[in-house]
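Me: I'm new to this structure and would like to get to know it through a few questions. Could you take me through them one at a time?

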Amino acid sequence: MQQLQGFKILVVDDEPHIVQFLEFGLENEGFEVRTAFDGMSAIAAAKEFQPHVVILDVMMPGMDGFEVCKMLKKTENVAVIMLTAKDEVDDRVKGLTLGADDYVIKPFSFEELLARIYARIRNQFPNLFGEVVIGPFQIDDRRKEIKFDGRVLELSPTEYGLLHFLVLNHGLVLSKAVILDKVWGYDFGGDENIVEVYIRSLRDKLQDKDRQFIKTVRGAGYRVDL
């Protein structure tokens with residue numbers, strides 16, 4: 001992972017042991033971290049601290065995470081990653097509808113959360129990175145260009161968006177539903193099998209006949225292995 005000087009994360013959860021765990025881990029990664037234990041404190045901290053990313057628990061007393069997310073998205077340029085309970089699909093849908101950028105299901109691994117934080121940084125604050133090198137891929141958001149093994153790929157805007165999303169989230173299994181939401185938009189009304197069509201196109205352009213890079217996880221989605 002690439003560390004960013006001065007990059008700020010606000011951790012919001014009413015469980016002190018989770019807050020302490022995340023604060024310790026994120027500070028060790030080089031981030032500047034602020035914490036809050038309830039919704040009102042989170043809103044005040046965000047205004048003062050101006051974080052790049054907020055790690056936000058859904059279930060909190062008083063103002064819950066949904067309301068905090070809604071307020072943050074109205075006033076702050078911030079990426080919101082929500083922490084949701086296992087199997088609470090309605091919570092994840094509601095959070096994404098209110099503007100959340102991603103979610104992580106409790107219990108979670110720190111490595112997964114860290115991968116999602118960096119993905120959000122690269123998506124929302126590409127100017128902080130310039131060109132990003134991940135394995136054989138070089139991603140230049142400013143030029144909307146992706147190189148593979150030094151070769152510029154000829155990609156349509158949708159292919160660029162899809163490959164960009166897959167590579168930045170490498171190692172994670174991404175369902176068709178998540179891909180459609182993040183690449184095509186949550187209001188996309190077409191058939192989710194369109195994802196398969198674009199995956200085939202990307203494999204052709206990567207000359208990935210053996211599916212060495214873009215793997216199909218049967219019944220779950222797709223994963224980029226680097």
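Me: Is Glu159 buried or exposed?
Reply: This is a predicted model, and the answer rests on computed accessibility. Glu159 has a relative accessible area of 6%. Buried means under 20%, so Glu159 counts as buried.

Me: Which residue forms a salt bridge with Glu159?
Reply: Look for a side-chain nitrogen beside the carboxyl group of Glu159. The closest N and O atoms of the pair are 2.7 Å apart, and a salt bridge needs them within 4 Å. Glu159 lies in helix 6 and its partner in helix 8, so the pair ties together parts that are 46 residues apart in sequence. The partner, partly exposed with a relative accessible area of 29%, is Lys205.

Me: Which residues are joined with Lys106 into one network of salt bridges?
Reply: Salt bridges can share partners, and here they do. One of the links is between Lys106 and Glu15, with the closest N and O atoms 3.4 Å apart. Lys106 lies in the loop between strand 5 and helix 5, and Glu15 in the loop between strand 1 and helix 1, so this pair ties together parts that are 91 residues apart in sequence. The residues joined with Lys106 are Asp13, Glu15 and Asp57.

Me: How many residues apart are Glu112 and Arg116, which meet in a salt bridge?
Reply: Their side chains meet at 3.1 Å, N to O. Glu112 is partly exposed at 24% relative accessibility, whereas Arg116 is buried at 12%. Both lie in helix 5, about one turn of the helix from each other, and their separation is four residues.

Me: How many salt bridges does the count come to?
Reply: The rule asks for a side-chain nitrogen of Lys or Arg within 4 Å of a carboxyl oxygen of Asp or Glu. The pair Lys205 and Glu159 meets it at 2.7 Å, and Glu112 and Arg116 meet it at 3.1 Å. By this rule the count comes to 12.

Me: Why is strand 1 described as largely enclosed, and how many of its residues are buried?
Reply: Side chains in a regular strand alternate between the two faces of the sheet. In strand 1, Lys8, Leu10 and Val12 point one way and Ile9 and Val11 the other, and all are buried. Strand 1 is therefore largely enclosed by the rest of the structure, and the number of buried residues is five of the five.

Me: Which residue of strand 3 stands opposite Ile9?
Reply: Strand 1 pairs with strand 2 in the parallel sense over five bridges, and there Lys8 stands opposite Glu32. Strand 1, helix 1 and strand 2 also make a right-handed β-α-β unit. Strand 1 is joined to strand 3 as well, by four bridges, and these two run parallel. In strand 3, the residue opposite Ile9 is Val53.

Me: In the open sheet of four strands, which are the edge strands?
Reply: The order of the sheet is 6-7-8-9, with antiparallel pairing. An edge strand here pairs on one side only. That points to the two ends of the order: strand 6 (131-134) and strand 9 (151-152).

Me: Which helix packs on that sheet?
Reply: Start with the strands it touches: strand 6, strand 7 and strand 8. Four bridges join strand 6 to strand 7, and Val133 has Gln138 as its bridge partner in strand 7. The direction of the helix makes about 120 degrees with that of strand 7, and the helix is helix 6 (residues 157-168).

Me: What share of the 226 residues in the chain is buried?
Reply: The chain has eight helices and 11 strands. As for the residues, the buried share is 47%.

Technical notes: Residues are numbered from 1 along each chain as its sequence is written. This is a predicted model: local features need pLDDT of at least 70, side-chain atom pairs count only at pLDDT 80 or more; totals for chains, interfaces and linings use all residues. Side-chain values use heavy atoms; hydrogens and water are left out. Two strands pair if DSSP finds at least two bridges between them. Contact means heavy atoms within 4.5 Å. Axes are lines fitted to C-alpha atoms, for helices over the stretch in contact, and angles run from 0 to 180 degrees between N-to-C directions. Buried means under 20% relative accessible area, exposed over 50%, partly exposed in between (1.4 Å probe, protein chains only). A crossover is right-handed if, with the strands pointing away from the viewer, the path from the first strand over the helix to the second runs clockwise.
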